[in-house]
Structures are given as C-alpha cells and as structure tokens.
Amino acid sequence: MPRVINAVLPHRAEPATIVVEDGRITAIEETSAGGEPTEAHEGLEVIDAAGRVVLPGLINAHAHIDKTLYGGPWVSAPRVETVAERVAHERRHRDSHGLPAHEYISSLVETMIAAGTTHLRTHTDVDPGVGLRGIAAVAEVARHYEGVIDIQQVAFPQGGLITNPGTLDLLREAVDAGASVIGGLDPAGFDDAPNAHLEAVFDLAASTGTAIDIHLHDGGSLGAWEMGLIARMTEEYGLAGRVAISHAFGIAHPPTQARLLERFAEAGVALVNAAVYDSPVPPLRACAEQGVLLAGGTDGINDLWGPFGDGDMLRRAMLIAYRNSGRSDEELLLALDTVTSNAARVLGVEDHGLHVGGPADLVMVEARTVAQAVAQVPPRRLVMRAGTVVARDGALVAG
C-alpha cells in the first residue's frame with residue numbers, strides 16, 4: 001500500500017503525507033523533514049508528490065457520452081441555431097455514424113479517467129428511434145471500467161416527452177435497465193407542455209425512487225417561471241436534494257435571479273452548468289453564499305452538436321471561474337468545488353474527498369497551488385482510484 005509524501009492539498013498550509021491502506025486514506029499528516037517514513041509507515045510504497053498539488057477525484061456532473069464521436073474520424077458540425085434544430089440534425093444522422101458507438105464511448109471514458117475523473121453522470125438518449133441502445137452501450141462500458149470510474153445514467157428524453165409518444169414507457173424501461181435518474185428537456189420551449197411534462201417526470205421519479213435532472217435551456221422570464229415550478233414540485237413531491245436543473249439559462253434573468261436562488265436553497269434544488277459557448281452561467285459566488293449547490297459538467301463532447309471537448313474537469317472548473325470573472329484564489333477554489341465536493345453531493349456520492357477514512361481517489365497535478373491548478377489546467381501526473389494507480393502522465397496504466 002502506498003503513501004504519498006510532499007503533497008499540497010486543498011485547505012492545508014503545509015505539505016502533507018497521505019497514508020493509504022486497503023484503498024482508503026488512513027492518515028493525513030504533515031510531511032516529515034526529507035519525507036522519511038515513521039516507524040508506523042515503514043514498508044509502504046512511497047510516491048513523492050514533490051510539492052505538487054493533489055486533489056480528490058474529479059466529478060463530471062453532466063455529459064452525453066452515448067452521443068460522442070471521440071476517437072473517430074472528423075465529422076463537421078452543422079451551422080444551426082436552436083436546440084430543436086440540433087436535435088433534429090442528430091436524429092437524422094446518428095445511425096449513419098453508428099451511434100451510440102462502444103469504441104467511441106470507451107475512448108472518451110479512458111481520456112476522462114486519465115485526466116482524473118472518478119465519477120460521471122451522463123444523459124443517455126431514450127426515444128422510440130434509438131430505444132434503449134444507448135443505455136445498453138453505456139452500461140457495457142461502465143461494467144468494463146467498474147472500479148476505475150463510476151458512471152451514472154440519466155434516462156434522457158431529448159426528442160420530447162409529451163410530444164413524442166412512447167417515450168415515457170421507454171423511460172420506465174430505462175430505469176429497469178439501470179438508469180438511476182430521470183431527465184427532461186425544456187418542458188415549455190421544446191415540449192410545449194410544461195405542466196404535463198414535469199408531472200410525468202416527477203411522477204416517474206417518485207414511483208421508481210430515482211433522482212431528477214432536467215435540461216432547461218429556456219431563458220428569460222419563461223425559464224425563470226419553469227425553474228420556480230420545478231422548485232415548487234420538488235417540495236410537493238418531497239424530493240429535496242434529489243433534483244437538479246442542468247444549464248439553467250433562465251438564472252440570468254435579472255428580475256428573478258435573487259429570489260430563484262433563495263427558492264433553490266429552500267427546496268433543495270441543485271444547478272449544473274457546463275459553461276458552454278456564450279450561454280449564461282449561474283453566479284458562482286452568489287450560489288455559494290445562498291447555499292445553492294452548483295456543479296460542473298462538460299455537456300456534449302465531440303458529437304453531432306459540436307466538435308469541442310475532451311472531458312477534462314479541471315478545464316471545466318477553469319471555464320466556470322473564467323465565465324464568472326473569478327480571478328481570486330478564493331473564487332478559483334469555489335470553481336474547483338463545482339467539479340469535486342458540490343458535484344459529489346449532486347450525484348449522491350457520499351464517499352468522496354481527501355479525509356481520513358475516505359476513498360484513496362487522488363489526482364496529482366503539475367501545479368504548486370490549488371488555485372494555479374484550476375487557472376492553468378496543467379497535466380495530471382498521476383491518478384489513483386481506491387489506492388491503485390490507474391493513470392500516469394495522461395495515459396492509463398496497463399493492467
């Protein structure tokens with residue numbers, strides 16, 4: 001079992017030694033002069049961080065790995081402007097590209113692991129056209145990498161729910177097939193049936209014991225009204241702490257922002273944002289001050305919606321800070337929370353973080369301070385999962 005010496009940890013002033021036994025952290029101590037082992041630690045393998053930052057496992061709270069083209073030939077993205085146009089384009093062309101593709105999903109997951117991701121929530125398309133093929137493909141990849149990365153699936157009705165007959169039954173089947181979260185998409189702007197859409201989602205989640213994560217691209221007063229409705233229904237269904245709103249572009253509506261944050265804190269509704277393109281980003285500092293969980297994700301990665309991304313969650317934390325004009329170390333640390341502790345709570349990952357008794361999920365970064373790690377997105381030198389090194393210098397460790 002290893003011990004990691006000379007490690008710079010979040011919220012600790014001095015370099016520390018992390019002692020790992022049976023996959024868990026059994027001690028975090030000040031590193032002794034020269035990093036020499038104490039009698040209690042003799043015989044343990046030594047990994048010298050040499051003053052580098054060591055972070056807990058990174059968490060991606062919003063992805064779409066079933067759609068990815070990662071690792072395959074270049075596919076040009078169309079110039080379209082609306083969510084409905086992108087959905088239609090993808091539905092027309094996904095079969096011709098062999099999506100969902102096990103090899104593309106695996107390639108992306110391996111890249112995520114090598115960059116330090118230990119937990120992932122992915123929204124998997126479920127509709128009468130694709131059926132449960134995406135659910136099955138992602139589940140197969142999840143089984144292959146079990147113990148290295150935990151993958152949580154959202155049954156996602158991207159093609160519509162009320163307007164796409166048969167989808168609700170498929171969502172229930174997806175839960176039976178292993179999905180642990182029910183998704184939704186723009187109940188008003190896309191499905192044109194906000195009350196019926198949300199009632200269907202909340203009823204299904206309540207009856208199956210699953211969580212909820214709803215895409216909400218609708219902005220302005222419409223998006224704000226929908227978010228208020230989601231907060232109210234969360235309270236009515238007793239689902240505090242189990243509901244997230246992804247994207248949440250309507251949070252940028254100035255007249256309602258402060259009150260919405262208060263409602264989210266009261267109702268136990270979390271926000272998830274990927275800082276994509278020029279779309280609104282929830283206010284980082286205000287969320288923290290109000291007690292609203294804000295988690296970070298990548299959204300789609302190299303797919304029919306767009307060519308960008310590699311799944312690096314430090315880069316996503318940087319983008320969340322950047323889009324919030326977060327320059328200070330304090331703000332950079334808040335951004336890190338969106339892809340560590342906050343994301344863990346949104347995903348229901350109770351066993352997370354660098355503390356005695358916690359899992360030995362460690363990410364060694366080529367940086368001297370935690371703020372530098374977020375701002376500069378340096379290479380990952382080592383990734384450890386449950387005390388086992390799974391990646392070095394951006395590549396998986398064989399075996």
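Residues are numbered from 1 along each chain as its sequence is written, and side-chain values use heavy atoms, with hydrogens and water left out. In this predicted model, local features need pLDDT of at least 70 and side-chain atom pairs count only at pLDDT 80 or more, while totals for chains, interfaces and linings use all residues.

User: How is the lining of the largest cavity divided by class?

Analyst: Ala, Val, Leu, Ile, Met, Phe, Trp, Tyr, Cys and Pro count as nonpolar, Asp, Glu, Lys and Arg as charged, and the others, Gly among them, as polar. The lining of the largest cavity therefore has three nonpolar, no polar and five charged residues.

User: Which residues lie nearest the centre of the largest pocket?

Analyst: They are Arg86, Val276, Tyr277, Asp299 and Trp305, out of 37 lining residues. The largest pocket holds about 780 Å³ of space, and helix H1 (83-93) and helix H9 (313-323) are the elements that give two or more residues to its lining. H9 gives the largest share, three residues.

User: Why are the buried residues of H9 said to line one face of the helix?

Analyst: Buried means under 20% relative accessible area (1.4 Å probe, protein chains only), and in H9 this applies to Met313, Leu314, Arg316, Ala317, Ile320 and Ala321. Seen down the axis, they fall within an arc of 160°, so they line one face of H9. The arc is that of the directions from the helix axis to the C-beta atoms.

User: What are the buried residues of H1, and against which strand do they pack?

Analyst: Val83, Val87, His89 and Glu90 are buried in H1. They cover an arc of only 165° around the axis, which puts them on the same side of H1. These buried residues pack against strand S7 (117-125), where contact means heavy atoms within 4.5 Å.

Terms used. On a 1 Å grid over the protein atoms alone, a cavity is a set of points where a 1.4 Å probe fits but cannot get out, and a pocket is an open set with protein on both sides within 12 Å along at least five of seven lines; lining residues have an atom within 4 Å of a point. Grid points are joined across faces, edges and corners, and a volume is the space filled by probe spheres set on the points. Helices (H or I, at least four residues) and strands (E, at least two) are DSSP runs, numbered from the N terminus. Buried means under 20% relative accessible area, exposed over 50%, partly exposed in between (1.4 Å probe, protein chains only).
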